[in-house]
Amino acid sequence: MTDATWSVGRVAKRCGVKVSTLHFYEQKGLIKSWRNDGNQRRYKPEVLRRISVIKAAQKVGISLEEVKQAFLSLPDSRTPTVEDWQLLSGNWQKMLDARIAYLQKLRDYLTGCIGCGCLSMSKCPLYNPDDVLGAEGTGPVILEQAE
Ligand code: FES
């Protein structure tokens, strides 16, 4: 085997993922392989970088669909270069900052509920019997109105 092509087992071992995970990533359009003359999957070494980006993104809560969209945004859907990664990670950082702010707000609301027990339909972000607030929007309406 040359360094120009990697077997699925070698990629899986190097990346610390299961072979089935690589098949899944491929099925989702996140990585690509081709078949050699023996009908075995082969990967370019750059697949390691793609998988590293996928794993890093997943660790911080970025969905595979978001990763896929990020990859598709690159010219010719190329494997992220150093500059690409700086851009992608910067965008994901902004997204994570927004999620963290939302979660902090949720935590603060829950802190208000602990020991409260009012279950007020007008102010409790969790109490919504019979989905009365459904007419005002989707999702956690009170929480999202407070954004
Ligand atoms: S129980 Fe009172 S605000 Fe949620």
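Select strand 1 (6-7) and strand 3 (41-43). The two run antiparallel and are joined by two bridges; strands here are DSSP runs of E with at least two residues, helices are runs of H or I with at least four, and both are numbered from the N terminus. Trp 6 has Tyr 43 of strand 3 as its bridge partner. The model is predicted, so local features need pLDDT of at least 70 and side-chain atom pairs count only at pLDDT 80 or more, while totals for chains, interfaces and linings use all residues. Residues are numbered from 1 along each chain as its sequence is written, and side-chain values use heavy atoms, with hydrogens and water left out.

The three strands form an open sheet in the order 1-3-2, with antiparallel pairing; two strands pair if DSSP finds at least two bridges between them. Strand 1 and strand 2 are the edge strands, each pairing on one side only.

Most residues other than glycine have a negative phi. Asn 39 is exposed, at 51% relative accessible area (exposed means over 50%, buried under 20%, partly exposed in between, with a 1.4 Å probe and protein chains only). Gly 38 is found in this loop too, and it counts as exposed at 53% relative accessibility. Draw a line from the C-alpha of Gly 38 to that of Ser 73: the two are 35 residues apart along the chain and separated by 34 Å.

Move to helix 2 (19-27). Which residues of helix 2 are buried? They are Leu 22, Tyr 25 and Glu 26. Seen down the axis, they fall within an arc of 100 degrees, so they line one face of helix 2; the arc is that of the directions from the helix axis to the C-beta atoms. An α-helix has 3.6 residues a turn, so residues three or four places apart point the same way. The buried residues of helix 2 pack against helix 1 (8-15), strand 3, helix 3 and helix 4, where contact means heavy atoms within 4.5 Å. Just after helix 2, Gly 29 takes a positive phi of about 80 degrees.

Select helix 4 (residues 64-72). Its buried residues are Leu 64, Val 67, Ala 70 and Phe 71. They lie on the same side of helix 4, because they cover an arc of only 120 degrees around the axis. They pack against helix 2, helix 3 (47-59) and helix 5.

Zoom in on Phe 71, which is buried at 2% relative accessible area. Leaving aside residues up to four places away in sequence, Phe 71 touches Leu 30, Arg 50, Val 53, Ile 54, Ser 77 and Pro 80.

Finally, show helix 5 (residues 82-113) beside helix 4. They pack at an angle of about 150 degrees, with axes 11 Å apart; axes are lines fitted to C-alpha atoms, for helices over the stretch in contact, and angles run from 0 to 180 degrees between N-to-C directions. Glu 66, Val 67 and Ala 70 of helix 4 meet Leu 88, Trp 92, Met 95 and Arg 99 of helix 5.
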